[in-house]
Structures are given as C-alpha cells and as structure tokens.
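Thanks for making the time this morning. I would like to walk through one model with you, slowly, and keep to what can be computed from its atoms.

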Amino acid sequence: MDAPDKVICVLGMHRSGTSCLTGSLQAAGLQLGKFHQWNPHNLRGNRENQDLVDLNDAVLAANDGAWDRPPRQVRWSEELTRRARELLAGYRDLPNLGFKDPRSLLVLDGWKQLLPQMQFIGIFRHPNAVAHSLVVRSGGEMSREQGLALWYQYNRRLLAEYRRQAFPVLCFDEPEAEFHAKLDQVSRELGLQPPVDGQRFYVDELRSAEDAGQPLPWKVRRLYRRLRRIAR
C-alpha cells in the first residue's frame, strides 16, 4: 500500500472527545495532513480531513446510509476504494499519519483492508453528555432518544473492534489531570512524544456539554459500563 508506514486511526462517536484526542496526538507529533483548524462546534477545530470525511460520506451514501443512519452492512465499490488509495498516497512521504472521522467506525472494514497495519486508539463519553451535545448542535432537530440510539450504534462498534484486537481506549469523562496522564502513556506506546504542559491541546473548556443525570435505557447503560471496564 502506497501510504505512510505508521497510520493511527482515532475511533469514537461524534461529540465524544475525538477532536480533543486527535489534537492532543498532533501536539505529540502525529501528522494530520490537511485538517480543519476551526469549527463552530469545536473551539480549536475538529481536526478532520475533509477529503476523508467526504469519502466516508460517499461510502455511507452508496450503502443507503449516513452518519446519523448507520447502515447494517457496508460494501466499498472499486471506485471508492481507488479514491481511498489516492488519498493515502498523497501522504506517503509523511513519517506518520493521523486518521480521524467518527464515520470511520461505520465503514472501518474497507480501511482495514487497505491498511492492515493501521493502529487504533479509541475514546468514548457518557451517553447523556453526547446526546445533549447532539441535540444542541442540531438546534433541537434531533431528540435525546435519537442521540442515545446513535451513541449506542457507534459505541457498540467501538467495543466490537476492541474485542477483535485490543487497543488503547480512553474515557473523556475523566478529570483533566487524569486524562492527560493516561493520554501521555498512550502517546508513548504509539511512538509519540507527549508535549509539555504549556503546549497541550486539551483544556477543560473544550467540554461543551456535561452529563445531565437523566436515566438511561438499560442497553445503553450496560454498554457504557462495559466501555468503562476496558478504558485505561
């Protein structure tokens, strides 16, 4: 495969700290190629490569799905696979490449076939906080129930991937100091160099929503407990 030797994919649901995690890994030496440095819903940018997001959206659309309508099965056409190869080849001269888009959880098999050496790091957040953030971002067009259903769909895929082959998983609900300590450890495991405190990407203000404390459906509550058990 014509791509950087080290490719690290950040896995996690929307509004769950994936941007914070990716920005933190970038501060530790991970290359992102082209990425968004500003976003109305992320104070320091969502750190996403728009070409990659567009490709993931195209894969979902080709399977009658979307980020908020996860398809049951996903197949990559030859044309979409070719686009992915070209995208990766554009970064072949980088020492490493960061790979971040929550949609990747929905279309991951195609990326794994292209990049069997790809490394993963995951992150999750309390279901109520994610659902609340999605409702606010949508201007009320998405209900809390829809947000919780999406949280479940994405995070059950995260847990399933972890069970296939374990990788580091962080919890965005941790206090800032604990999150930094665990992030530093994972960064070193990935061959990156954690930054000094004054150069860190993450600050507590990046949390745009907190747990509202409302009761959760039993299967959502159970999945959250399982994720907490595998988290660093």
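Predicted model: local features only at pLDDT ≥ 70, side-chain atom pairs only at ≥ 80, totals over all residues.

Residues are numbered from 1 along each chain as its sequence is written, and side-chain values use heavy atoms, with hydrogens and water left out.

Helix α8 has 13 residues and reaches 19 Å from its first C-alpha to its last, close to the 18 Å expected at 1.5 Å a residue; the expected span is 1.5 Å times one less than the number of residues. Which residues of α8 are buried? They are Val220, Leu223, Tyr224, Leu227 and Ile230, and these residues sit on the same side of α8 because they cover an arc of only 125 degrees around the axis, the arc being that of the directions from the helix axis to the C-beta atoms. On the other side of α8, Trp218 and Arg229 are exposed. By buried I mean under 20% relative accessible area, by exposed over 50%, and by partly exposed anything in between, with a 1.4 Å probe and protein chains only. The cover over the buried residues of α8 includes β3 (119–124), α5 (127–137), α6 (144–164) and β4 (169–171), where contact means heavy atoms within 4.5 Å.

After α7 comes Gly191, whose phi is positive, near 80 degrees.

On a 1 Å grid over the protein atoms alone, a cavity is a set of points where a 1.4 Å probe fits but cannot get out, a pocket is an open set with protein on both sides within 12 Å along at least five of seven lines, and lining residues have an atom within 4 Å of a point. Grid points are joined across faces, edges and corners, and a volume is the space filled by probe spheres set on the points.

How many cavities of 30 Å³ or more does a search of the whole structure find? The search finds two. The largest cavity holds about 100 Å³ of space, and among the residues that line the largest cavity are Arg47, Glu48, Tyr91 and Phe99. Both α3 (78–89) and β2 (96–100) supply at least two residues of that lining, with the largest share, four residues, coming from β2. The lining divides into seven nonpolar, two polar and three charged residues, where Ala, Val, Leu, Ile, Met, Phe, Trp, Tyr, Cys and Pro count as nonpolar, Asp, Glu, Lys and Arg as charged, and the others, Gly among them, as polar.

The lining includes His180, Leu183, Asp184 and Ser187, and it divides into five nonpolar, three polar and two charged residues.

There is also the second largest pocket, with about 300 Å³ of space. It is lined by 14 residues, of which Leu105, Leu106, Asp109, Arg157 and Arg164 lie nearest its centre. The largest share of that lining, five residues, comes from α6, and the lining divides into seven nonpolar, one polar and six charged residues.

Finally, the two single residues. Leu60 lies in helix α2 (residues 50–62) and counts as buried because its relative accessibility is 0%. Not counting residues up to four places away in sequence, Leu60 touches Gly65, Ala66, Trp67, Pro71, Arg103, Leu106 and Val107. Ala3, in the segment before β1 (6–11), counts as buried at 10% relative accessibility. Leaving aside neighbours within four places in sequence, Ala3 is in contact with Leu88, Arg92 and Leu115.
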